[in-house]
Every structure is written in C-alpha cells, then in structure tokens.
Amino acid sequence: MHAIDEGEHMLNLTENASTIVKDIADQGGPETAGLRISSDDSSEQAFAVNAAAQAEPGDQVVEQDGATIFLDENAALQLDDKVLDAAVDQQGGVQFALAQQA
C-alpha cells in the first residue's frame with residue numbers, strides 16, 4: 001500500500017463521488033472496503049471499477065470525506081491529476097466521470 005506524501009499529486013473526489021463511493025462500500029462490506037480502480041495498460045484510459053474489501057499489494061489508497069479508493073499502479077499514474085465525479089442515472093446505475101484538476 002502506497003502512502004501519499006504531502007505535496008504529491010493524487011486523485012481527488014467530488015462530494016457526489018465521495019457519497020456514492022461510501023454507499024457502494026457500505027453495502028455489506030467490511031470497514032476496510034472501498035472502490036478499486038484498475039487499468040491493465042498505462043497507455044490507455046480504460047479503467048475497471050469494482051467494490052473491494054481491501055487494498056491489494058501495491059495499491060495507492062485515497063481517502064477523502066470518508067470514501068476510500070484503491071488505485072492499482074497504472075491507474076494511480078494515470079489519475080494522479082484528475083478529479084473523479086459520479087452520478088446515479090434514472091435506472092439507478094452509477095456513472096463515473098473524470099476531469100482535469102484545476
């Protein structure tokens with residue numbers, strides 16, 4: 001697990017994203033649960049997003065407003081200057097979006 005040093009860039013979450021991530025993690029998961037974002041290839045911006053009971057070895061952990069995100073090494077590199085937003089659509093599905101940090 002990689003700790004974030006002061007001044008180091010990392011993924012930020014909007015208030016909506018924090019709330020939705022907390023809700024997903026709270027659905028029957030342990031206290032250590034969160035959302036895990038992974039990427040197979042650092043040259044592509046395609047990500048897998050899954051609920052996870054805990055971080056995997058080598059994951060960067062981002063905790064913000066009570067929400068926990070686990071990032072594998074490739075995702076951490078690609079998302080270190082991004083903001084994660086989330087919304088729930090009319091069918092109850094969660095939609096995630098990324099934006100550049102200001």
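Let's start with Asp81, which is partly exposed at 25% relative accessibility; buried here means under 20% relative accessible area, exposed over 50%, and partly exposed in between, with a 1.4 Å probe and protein chains only. Its partner is Lys82, and the two form a salt bridge with the closest N and O atoms 2.9 Å apart. Lys82 itself is buried, with a relative accessible area of 11%.

Before I go on, a word on the model. It is a predicted one, where local features need pLDDT of at least 70 and side-chain atom pairs count only at pLDDT 80 or more, while totals for chains, interfaces and linings use all residues. Residues are numbered from 1 along each chain as its sequence is written, and side-chain values use heavy atoms, leaving out hydrogens and water.

Now to Arg36, which is buried at 14% relative accessible area. Asp59 forms a salt bridge with Arg36, with 2.8 Å between the closest N and O atoms. Asp59 sits in the loop between β3 and β4 and Arg36 in strand β2, so this pair ties together parts 23 residues apart in sequence. Strands, by the way, are DSSP runs (E, at least two residues), numbered from the N terminus. And Asp59? It is buried, at 0% relative accessibility.

Arg36 also meets Glu56 in a salt bridge, at 3.5 Å from N to O. These two are 20 residues apart, and Glu56 is partly exposed at 42%. Through shared partners, Arg36, Glu56 and Asp59 join into one network.

Terms used. Salt bridge = Lys/Arg side-chain N within 4 Å of Asp/Glu carboxyl O. Helix = DSSP H or I, 4+ residues; strand = E, 2+ residues; numbered from the N terminus.
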